Amino acid sequence: GPVARAGAGTWSFTPVPPNRADEVSVPDGFTTDLLIAWGDPVTRDAARFDVRRQSAAAARTQFGYNNDYVGLVPHPRRKDRALLVVNHEYTDEPLMFPSGTHTPQQVLEVAIASHGMSVVEVQRGRLPGQWSVVRPRSARHNRRLHDRTVFEMTGPAAGDARLRTSGDPSGRRVLGTFNNCAGGTTPWGTVLSGEENFNQYFDASGELDPRHAASYARYGITGAGRGWSAVDRRFDLSVEPHEPYRFGWVVEVDPTDPTSRPRKHTMLGRFKHEGANVTIADSGHVVAYMGDDERGDYLYRFTSRSTYDPRPSARARRHNLTLLTEGTLWVARLDGDGPDDGVHDGTGEWIRLADDRRSYVPGMSVAEVLIDTRLAADQVSPTRMDRPEDVEVNPVNGRVYAALTNNSNRGTRNPPDEANPVSSSYVRAALGAPLTRASGNRNGYVLELEPGRGGHTGTTFAWNLMLVCGDPQAPETWFAGFPKQLVSPISCPDNVAFDAVGNLWISTDGNALGSNDGLFRVPVDGSRRGLVEQFLTVPLGAETCGPFIAPDQQSVLVAVQHPGEVDGATFESPASTWPHTHTFPRPGVVVVRRA
Ligand code: FEO
Ligand code: CA
Ligand code: CA
Ligand code: CA
């Protein structure tokens, strides 16, 4: 209705200019509240945060490090509350520990325990768009998922021989989730979370079993880990060669039931999952779009075997909770229609890899396709993309938007094609410095897909590069044809979200134009299609995560990830002290609303 449509989609603002401030900078007329940050209490028995005396046990009760995905799920009983679900992707040890306060072993233990996810009850404030955290004592849904939390494997590869370890002979119960990057909320009130760069957590104390060499190589599992095997032997490939097969999945968490066991869905394949976003197709099937965030890797899609039951009953919900366990996994090929039309566009096809009953990749079983999804996809000639990140359906126009963040190998190892055309791009060494040319795609794209016959479960689509990101002065940039002098510079799109009007919101990671990262709003239809405007910037060294437009459209939630992550920065000499509660930086979630 009209009330729901007011707000974020219609906010008018003067774009925030590129800057290097150690602040979350928002336009005049807006204000920012810190909602929660690293070390804040989550569980009712949470330990008080003491940066000089950290422990794994305490970390498992507190808000973890490097918040990434942010979702708000309706509270099952209270309209004035919601359940905030956040990923904790990875750790920055040099910024987390005062020197001399912890042993190397303690540092490793805390780092491992600071990964995972948090569920936190939040409460509406008095003013529109205001949210605050509920005291853990009064928040019975609060939950911290960490390295000791049991996750259940589902789908055709659950229990497969390669998922079995000495700690879990069933191959069905995995401890922990790591490197959870982006995600999505489902229509049935759960949160999906992508296990992304899990390959970095495995050490090798000795020889590696050659039977795993091809798979390890394709997933970047080298045995040059982060030393975690000193804390937990399962992270030693020479001891537990199967442990890495238990990561790289899409996780589903039901925040409405604090006793529920989170699950890892093998039917959605195994790769460096950025995240997963579901939509309900006209046929009622659930479709999840997914990116594999690696240079030259692929876009994927899952379609469910069964259909979504929209009824509000407990029985319908139980059914919906099974939808991601059976279906079909697909990978995308994009063909260009040639450069003569002046636009990077064409048609594409979804290529079937496996369903829960049979494999369509010669020589590979269903379980093999799901566990070694990259190797399976390599056999069917999909299009090598420039690091597919978040992929999400616009709920207003039904088209699919994918952030392709950058690819330094484009033009060398990965030859250019119409869908990945930029093999050299203009970058800026520092704010105010001149534009200089660099090899590869440094600023990224936003890809728009329009499903063809059969909609989201059909096999064909049309596509175009709606944005070729970068400085508007750079000749290669393209903003859907909108006059370039009116748009904000944008570089390295990572996560996407939509407001109720259907505008696309884009957060960035790794700005190659010398400025801090930020959040941008861009209409995708009408006369303003392509008008990219910067809504905020994050502090020095930080990446913009989330973002999440609150369902009432009155606030935008952003996760400020790795503030102060700058070469050479340490706890004692930080590049950022955001959110300025301490002398060191703390990743945290902010709520932006009208002042
Ligand atoms: Fe963790 Fe692909 O960003
Ligand atoms: Ca064309
Ligand atoms: Ca990301
Ligand atoms: Ca990223």
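These are my notebook entries on a predicted model of a single chain.

**Entry 1: confidence**

The chain averages a pLDDT of 97, and 99% of the residues score at least 70. For the model I noted an ipTM of 0.95 and a pTM of 0.98. A reminder to myself: where pLDDT is low, the predicted coordinates should not be read in detail.

**Entry 2: the whole chain**

Next I looked up the overall make-up. I found 8 helices and 33 strands in the chain. The radius of gyration is 22 Å, close to the 25 Å from the globule rule for 595 residues, so the chain is as compact as a globular protein of that length. I also took the extent of the C-alpha trace along its principal axes, which comes to about 60 × 55 × 50 Å.

How much of the chain is buried? I got 56% of the 595 residues. Then I turned to contacts between residues at least 6 apart in sequence, and 63% of these join residues at least 24 apart.

**Entry 3: the sheet with β1**

I picked out an open sheet of 4 strands and wrote down its order, β1-β33-β32-β31, with antiparallel pairing. Which strands stand at the edges? They are β1 (30–37) and β31, and each has a single partner strand, so one side of each is left without a neighbour in the sheet. On average, neighbouring strands here are turned by 25 degrees against each other, direction ignored.

I followed one pair in this sheet. β1 and β33 run antiparallel and are joined by 7 bridges. Within that pair I saw Phe30 opposite Arg594 of β33.

As background, most residues other than glycine have a negative phi, and most peptide bonds are trans.

I found a cis peptide bond between Gly546 and Pro547, with omega about -25 degrees.

Another cis bond runs from Trp578 to Pro579, and its omega is near 5 degrees. I placed Pro579 in the loop between β32 (555–561) and β33 (588–594).

The loop between β32 and β33 also holds His562. His562 is not a glycine, yet its phi is positive, about 40 degrees. Buried or exposed, I asked of His562? It is buried, with 25 other C-beta atoms within 10 Å.

**Entry 4: Ser381**

I made a separate note on Ser381, which has a positive phi of about 60 degrees without being a glycine. It sits in the loop between α8 (373–378) and β19 (385–386). I counted 10 other C-beta atoms within 10 Å of Ser381, so it is exposed.

**Entry 5: the sheet with β8 and β9**

I then went through an open sheet of 6 strands, in the order β8-β7-β12-β11-β10-β9, where the pairing is mixed. Its edges are β8 (173–175) and β9 (180–185); each has a single partner strand, so one side of each lacks a neighbour in the sheet. The twist from one strand to the next averages 30 degrees.

At the β8 end I checked the pairing with strand β7 (residues 150–154), which is antiparallel over 3 bridges. There, Glu152 has Arg173 in β8 as its bridge partner.

**Entry 6: strand β24**

I looked at two pairings of β24. With strand β21 (residues 400–404) it runs antiparallel, joined by 5 bridges. In that pairing, Val400 has Leu449 of β24 as its partner. With strand β25 (residues 460–468), β24 pairs in the antiparallel sense over 7 bridges. There I found Leu447 opposite Leu465 of β25.

**Entry 7: helix α4**

I finished with a helix. Which residues of α4 (residues 104–113) are buried? My list reads Leu108, Glu109, Val110, Ala111, Ile112 and Ala113. Among the elements covering these buried residues I noted α2 (56–59) and α3 (93–96).

Notes. Residues are numbered from 1 along each chain as its sequence is written. Chains are lettered from A and ligands numbered from 1 in the order in which they are written. This is a predicted model: local features need pLDDT of at least 70, side-chain atom pairs count only at pLDDT 80 or more; totals for chains, interfaces and linings use all residues. The radius of gyration is taken over C-alpha atoms; the globule rule is 2.2 Å times the number of residues to the power 0.38. A residue is buried if 20 or more other C-beta atoms lie within 10 Å of its own, exposed if 12 or fewer, and partly exposed in between; C-beta atoms are placed from the backbone. Two residues are in contact if their C-beta atoms, placed from the backbone, lie within 7 Å. Two strands pair if DSSP finds at least two bridges between them. pLDDT is the predictor's confidence in each residue, from 0 to 100. Axes are lines fitted to C-alpha atoms, for helices over the stretch in contact, and angles run from 0 to 180 degrees between N-to-C directions.
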